[in-house]
Amino acid sequence: MSEIEAPLIEARRVVKVFGGGLSGARHTTALDDVSLTIPAAEPMLAAVAGESGSGKSTLVLHLMGMTRPTSGQVLYQGRDLVTRRRGDRVQFHRDIQAVFQDPYDAYNPFYRVDHVLQVPVSHLKLAPSRRQGQVMIREALERVGLRPGDTLGRFPHQLSGGQRQRLMVARAWLTRPKLLLADEPVSMVDASLRATILNELRQLHQDLGVGILYITHDLTTAYQLCRTILILYRGAVVEQGTVEEVISKPKHPYTQLLVSSIPRVKGAHDWLDSKAGETADSERSSAGCRFANRCPAVMDRCWREPPPLYRTEVGSLARCFLYADRPEVTSDVAGRELASGPAANGAAPAAAALSNDKPESKD
Amino acid sequence: MAEAPVLRVQNLRVNYTTRPGLAPAVNDVTFSLRPGERLGLIGESGSGKTTTAMAIMRLLRPPARITAGRVLLGDRDVMSMNQSQLRRVRLSEVALVPQGAMNSLNPVMRVGEQIRDGIAAHGGQREAAQIRTRVAQLLERVGLPPDVARQYPHQLSGGMKQRVAIAIAASLQPKVIIADEPTSALDVVVQRQVIATLAEVQKQARSAVLLIGHDMGLVAQFAHTVGVLYGGRLVELGPAEQIVSSPRHPYTRMLVDSLPELEGKQRLVGIPGLPPALSAMPTGCPFHPRCPWAFDACRASMPPTLEAEEGRQVACHLYPKHSSLPEPPAPPPAQEPADRDAAEAGHV
Amino acid sequence: MSVALPTATQEVEPPEGGILSLLRRGRRDGRVTGLLIGGVVLFVCIILFGVLGPVFVHQSLAQVGAVDPNLPPSGAHLLGTDGQGRDVLAAMIYSTPETVKIGLIAGAIGVGIGVVLALLAGFFRGPVDAVIGAVSDSLLTIPGIAILIVIANHLTQLTAISLGLAIASLSWMVPTRLMRAQVLSVRERTYIAVARMGGESELEIAFREVMPNILPFAAASLVWAVSSAVLASVGLAALGLGTGDVSLGSAVYWMMTYSAVLRGEWWWFGPPMIIIGLLFLSLLMMSLGMDRFVNPRLNDRG
């Protein structure tokens, strides 16, 4: 991993607390000491998984520079985002793009869909001339399998959800970003189209070197698309590692609960019968681990002190006292591992598993 | 299984009358439910699944109109009932857990009152104490503590609200419970709890359940029988395991193939093209523009629904000539963007 | 989360332009109701009455002393004449536009100010929001008509524009408040984040992305603002603080001064009341119809 070049985006021990203060409202910790490093050199293909309330959306807002951490920092190319200069803004938006969850809400109903494509071209100075800009737009649309003639000039309500979402991917591609934040890009899209859109994301990564951070609650698609994964629970990183390790052999009880709650299409019909998640004592509040009140393996210690991250295997981390005999890892070290993942392990198994025709060239 | 079906939907057709020339949203759909059976209807957007559910309860509003078919509850046709008969039938015999049930609860009424209202409206001339007991009983059945009755909907989580909706639906032990996407917008852990609740409640009330959904994994795990809707047509119906392991209809097969799994990394395959719009429905079989097995007959005429064997239906011109789905005639089309968009537009 | 509604509306239509097709779509959505159309038609009729009327009736007939006073309706004077020798019909025709003009000017300025302030307050929040809110709230506690009387008394030149401005300066608060609430909601939409990622500056986003989406509410506010401006101008004129040109309010002033009611001259006090009543009726119908327009019954989520 190159230490020479500053990472593209780095969230360093970010804490975000809402509420509290003068209003007297109960404060909520949306993010608790979360670190995530997105390297400049090699494009990453990682997932951030969590359910509602996990803080994953708040994390995305931080990475997009749309909110400030309560403590900790978010750095863009080594410089704090909060104090960034105006001049940086254009480059920042070129480097970092996003695709959002709701294909209906992502379009201003007042304008035709061309608006959403033309704004970045003009404001981020993506093309030397208007005509060149048009050419770029058409190329981007075709790349995601949309026909310009059938898409341009229409209003958002005249396109289907799947088309709108693909158009968003085309729009993100226009700036040739180094990182694409994909915030639940397919959860509101039909099942048969999901694979197509996810493939498009994967191709952007493999063929065009775009880093992808896939934010989702769907572990199955995270498993299929990404190399490494980070599990968030109520603002804290509870587990991190390669998708094979985390999903096939989950260490943290919450991850285990998540994985066992997934209904499998094929395979045994015991999903309904599993009693996962039905634990008592959900009323007791914990000063320690946030999962204590739902954890089947909870110990006394868990209620009193919050566990640190432990290294369970090479490249794998879990925040649980069950692994207290393993070495402790701090949040910022953990953050740097998400991208490199199995680098220390040797990447070959993970690469071959992405059964595509093109062999992995990096990693 | 010689029991008489508790619900029979026969040749149901629903049209949207916004403009002439729109294809039916539900096109000649036939299926039945036996007592205690769990039937899952799968479909993507535009398949007509929610419209079907609403039609069965006669809850459709213009511009949607039921233009043909019967819905037999026992031996009475719901389509020929008047408003007061319908009111009696709804909730006591057929109950609905609507889509977004968490938003269909009255925000200014306590939860207990809402459950009680349903019971009382159906001639529950019981005393207050009896009703209170019943409400507590229902809440317990869905896994909620009895003091939830005193709370307002906004004080409950999404999963809890959904379970309240299920409690209301089960309150009069109806013969059929229709659950329309009961777990959309819920997290996977809560989702499992809600579906388990539905199963539990169904067993206790001895109701049949019609579960409408788009998540094949979820539906296949819950339902005994699965029906697949596409373009308003019921293209396949059969026992859940068979539908998933040996689908007969090309759409079912491609849908199952497109679902990501947790056992080993695989190539992500979607179904190229888009579901057809009602204003641009292809001639003949609605799926043929996206179907690798399509041949001339598919463009020319709508495939009839065939009963392959007991409890197994399929609507595809490949049958009854074939006994199971053959390998596709050519590899699934690696389409050029231009071709792909032609398919998307729904034209041949 | 799954797609919510059955997608009969998910038809890929060729892009349509033009008012007529927008109206047709509006009709289908349930946004454009008979009430709205009726209100608009009535309003337009009243305006036409004032605009086309001069073609048939000469202005001189509306001047003081043009004809014999206090004559009941007859063939020569369809609505009789008033106590100052004006033909009532002529007076109505020439005074209606004046009233409507003041109403429209005041309403438009009030809503214009409201849109800008709502955007600044609602989108940028912080100190700007606090200041605008404080000013707005304090002005709302003051009875507008009292201030207007004071202002009107002191204005050296009472023209339609100056009166309109005066009225507008006290009627921007309600539109601002209404539209600010909408701005607060619109700024959370995903397409605002998308615009930011596209490089739009905050000010651009406020006026280019947010503003078009509060225009329906601006239109609704406009109807309200015009109603209250008409009311204010009629009131002021009835108190003798009008522009001096003949207007509906001034007609009320004169008929009060000359005790038209006591004298039973129904042809004199009737018409202004009826026209004012119809004007308000049309504005009321439009504002009720606007409610539907802004909040259609069917959720437009494809």
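Student: What stands opposite B:R13 in strand 4 of chain B?

Tutor: B:A68 does. The model is predicted: local features need pLDDT of at least 70, side-chain atom pairs count only at pLDDT 80 or more, totals for chains, interfaces and linings use all residues, and side-chain values use heavy atoms, with hydrogens and water left out. Residues are numbered from 1 along each chain as its sequence is written; chains are lettered from A and ligands numbered from 1 in the order in which they are written.

Student: Why do strand 1 and strand 4 of chain B count as paired?

Tutor: Two strands pair if DSSP finds at least two bridges between them. Eight bridges join strand 1 (residues 7–16) to strand 4 (residues 64–73) of chain B. So they pair, and they run antiparallel. Strands themselves are DSSP runs (E, at least two residues), as are helices (H or I, at least four), numbered from the N terminus.

Student: What makes strand 2 and strand 5 of chain B edge strands?

Tutor: The open sheet has the order 2-1-4-5 in chain B. Strand 2 (26–33) and strand 5 (76–77) of chain B each pair on one side only.

Student: Why is C:V40 called partly exposed?

Tutor: Buried means under 20% relative accessible area, exposed over 50%, partly exposed in between (1.4 Å probe, protein chains only). C:V40 has 35% relative accessibility, so it counts as partly exposed. C:V40 is found in helix 2 (residues 34–56) of chain C.

Student: How do you know that helix 12 of chain A is largely enclosed?

Tutor: Count its buried residues. Seven of the ten in helix 12 (residues 331–340) of chain A are buried, so the rest of the structure largely encloses that helix. Among them are A:S331, A:G335 and A:L338.
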